[in-house]
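The sequence and structure come first.

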Amino acid sequence: MAKTETEKETPKMKPRPIVRLGIFLISHSFLVSVVCCTAGVLALLLLPVLAKNTYISENALMPGSASSLLSNHDIAEANRLVNELSSLNLERKDAGIESQKILARYMSDLGAEVSYHKFHPPQNHFHPLHFFSSPHSGIIGENFSCSSYGVNTVGIIRSPRGDGKEAIVLVTPYNFGRSDSSETLSLSIAYSVFSLLSRVTWLAKDIIWLIADSQYGEHESVAAWLRDYHTPSFTGLVSLNADACVEGNNLYISKDNSVVQGKISDGFGRAGTMAAALVLKVTDRNGLWDDTLSIYAEASNGQMPNLDLINIVNYLAVHRQGLHVQIQKFWSDLDLKWLEFLGKTFELLGKVARSLNPNWKFGIPASDYIEGTTTLASSLYYQALGIPTGPHGAFRDFQVDAITLEISPRVSSNNKARRNEFLLRGGRLIEGVIRSVNNLLEKFHQSFFLYLLTSPSKFVSVGVYMIAFALLVAPLPLVAASLYADANELDFGMKNDKYTPMDTASNEINITFRSWKWLSAAKEVFVVHIWGVIVLLLPYFICQMRDWSPTTSFVSWVFLAMLSLLILYLILGSPFSHGYSLEKGEWAMLKSVTISAIFIGLLLMSVVNFATAEIGALLMVPMSLMAQPLKPDIRAASLRSFFRVICNLVLGFVAFPPVTFFMLKGIFEGPDCINLGDFWNWLESLWAWNSATYIYIGMVHLPCWVLCIHILLHSC
Amino acid sequence: MWFKIYSNNMVVWLVLLLLGSSLLFSSIDSASLSSSTDTTMHTNNWAVLVCTSRFWFNYRHMANTLSLYRTVKRLGIPDERIILMLADDMACNPRNKYPAQVFNNENHRLNLYGDNVEVDYRGYEVTVENFMRVLTGRHEAAVPRSKRLLSDEGSHILLYMTGHGGDEFLKFQDSEELQSHDLADAVKQMKEKRRFKELLIMVDTCQAATLFNQVGVSVVDRFTFYTLAFFERLNIMTMPH
């Protein structure tokens, strides 16, 4: 008898360790979320300390191992070209065409193949489907006016002993007929390099020099040329667009004199796949103590070129030409005390660690830390915006690594020797980069594609910055699970008091009911997301009114958004009223589903554009984790609940997208230039560039903000 | 003489390799060894020169091998007793600023490529399999005599190899590796088949100090550079027999 009893008593099996760990974390979800969030923010602030020095990953590149061949003879040639261009009378109506002819003549004298590329600038419509189309499509069907077109000039040097399969592209944006002296300087640097490359014996790839017509925007001309380059038409005609306005084309070409016409064609000149591209601009920035080089690398949706390309340029500029290299920085003129304090703290910690153990070398000086943080913030912001920071962004759409180089002379003087020295330095830099890329056998593949720069020679790779994001996002599923469990238990506990144990049938029905309660919360979350999509699409209609000012458009947009929310609320009959409504656990269920939605949205966005997800997580995670109905806290009136109320209000206010935008603008540019229309312009730039950040704001950030506000104002 | 010049670990490896090969010989029946060295006469000299890498940035390995080739040929070993294995893509590479010329020095005094470089295994024929076949003499019937190591038991053979190497291996043309035990096996087979009287193995791997040049790549490795410089001072008249 005793044996059977002991047999019947099966011992309680201990659950597996990972299940136990999960249950432990969920039951202590508050502590875990506080720890993880602070660790996430701290990790983000620690990133400049964890940055590594850059190095050349691809052994074949060997930048700087050859001495430069550019000499003053090439500079003199370039000066001849510049003199001829400047002697053109700019008042003439066809000054642009004349300068193009001069350039074409010089290029074909070098032995290069010259061709013209005609393009029409696209209209700036908002079309919802543009976010999902590739850069190849979409332009053919548009209407354009034949009178507005731009013409790029393209020169190609074929490598004498190479196989002609690959090319290196050099782009100089130039406004034909309406240029200033800096743009002409960039032309002269490019021409001197081009003339040198037509004579050297070490060329293994073809060289393309694109003089992009920048009257309709630099990016647009380069993008149009790339589109036509990568979609060859085999019907013998140039392209559909140009043929639609035939008379302009013929008039342009046939008036050339016969000497030039031999080498100039109206067919499209191509040179194989592009190994790398450099966009060269010379700008006039006064007050610099040395010739400066600024590098811009971000392309659309936060994509970056291979880090090796930046490393080559940085190495050659610093170690060979003695230029001062810089990358965009935020807040460089602001005196942020808290940042200095943080920098000094880290420096102190590093010194302490080194005194404990000489092998622990992770401290950096406070000034380096401040510079690293400002550069990191700027890098993160520009990647998050998803808008390319220069014409090089057009190349990334075709998987070509490209950067924009902006060289500024020390003083803009008319001193000829000073200017020639500047041209020589710039030309040698470009020649060195081209020679290095010339050595490549394959596309750039060795170095990083996902990174953040904290200085021109320091970077943080994806494996390190992912940790900050993961720490911020990790408490979300835990809190969601714990809220769900709490909501279920609470009702179960409440109901148990009221029902007798014999009422098992209704108990079972209630249990079934309870386990599907999250459906109503899910329905509300879904409806709010649909509203988010509607808000995203509203500007399509607002843009049809062409005369409205940005402020009017913004205000009307807000008004229409609130109207549509009201309509949805009325139509779908307020998902808040059900048979078993207004229970204590219901806002918990809603919060749980909201947090799950935020988690999924952030994870999906981190795949598309990591920087947007990081900034979004910084704004959304604290607010959503802290959200609780305000009424009980106000009723309770204790210090803790008061503190909670304040936190919730502040976080809820700050996370609203327009408020965030205006707050940041006010901090960095001064409070007097806040204009409602600025936010509309900013958003317009997002959808004009087909940035995924726009979709993120509308489909993840805004709905979740509305849901959190609803939780705050929940009446229970 | 060349051991004194620098102290990188390549020298240590070279010494060890020589010691290892001598240990290998002594592990075989010493009686036969001593009898073979005593009774056989030195008949001829052979050289097997192998460059195991290709591509433009490995220019210096090509220059190393061509330096030894030039030296060996100038000082008496004719082409029919030199087996030269080269990828041979330097001289006519489009990236070469001086086409058809290969230099070992910044002053460009010495063009190692010249007019009469006879390469036996060229391009993609430089593989581990072909190398082992050359050493052991196990060829297919169709392989011509110029590609065979036709040494006998009185031959003195110089085996020179250069390229990228690492811990117990040598990298062949970016896709294969020659392990040290493979090389030891081949040498043992050569001993069994009595294919040499004396064998000198010289290996110069990369990561030795290199020299930069107008050509834009590292041009030669230091060991071979000094070896070449030493041998340039000798000529066939003054060399002791």
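Predicted model: local features only at pLDDT ≥ 70, side-chain atom pairs only at ≥ 80, totals over all residues.

On the side of helix 16 of chain A, the contact is made by Y465(A), M466(A), A468(A), F469(A), L472(A) and V473(A). Helix 22 of chain A contributes F610(A), A613(A), E614(A), A617(A), L618(A) and V621(A). By class, this contact comprises 11 nonpolar residues and one charged residue, with no polar ones.

## Interface of chain A and chain B

The size of an interface is often given as the accessible area lost when the parts come together. Between chain A and chain B, the buried area is about 1400 Å², and carbon and sulfur atoms give 56% of that area. In chain A, the residues that lose the most area to chain B are M62(A), S65(A) and R161(A); together they account for 35% of what that side buries.

In terms of residues, 19 from chain A are in contact with 16 from chain B. The side of chain A that touches chain B divides into nine nonpolar, seven polar and three charged residues.

## Polar links across the interface

How many salt bridges are there between chain A and chain B? The count is zero. Polar contacts are found across the interface of chain A and chain B, in six residue pairs with both residues at pLDDT 80 or more.

How values were computed: Residues numbered from 1 in each chain as written. Chains lettered and ligands numbered in written order. Heavy atoms only, no water. Contact = heavy atoms within 4.5 Å. Buried area = accessible area lost by both parts, 1.4 Å probe. Salt bridge = Lys/Arg side-chain N within 4 Å of Asp/Glu carboxyl O. Polar contact = N/O pair within 3.5 Å; in protein donor to acceptor, adjacent residues only side chain to side chain. Nonpolar A, V, L, I, M, F, W, Y, C, P; charged D, E, K, R; others polar. Helix = DSSP H or I, 4+ residues; strand = E, 2+ residues; numbered from the N terminus.
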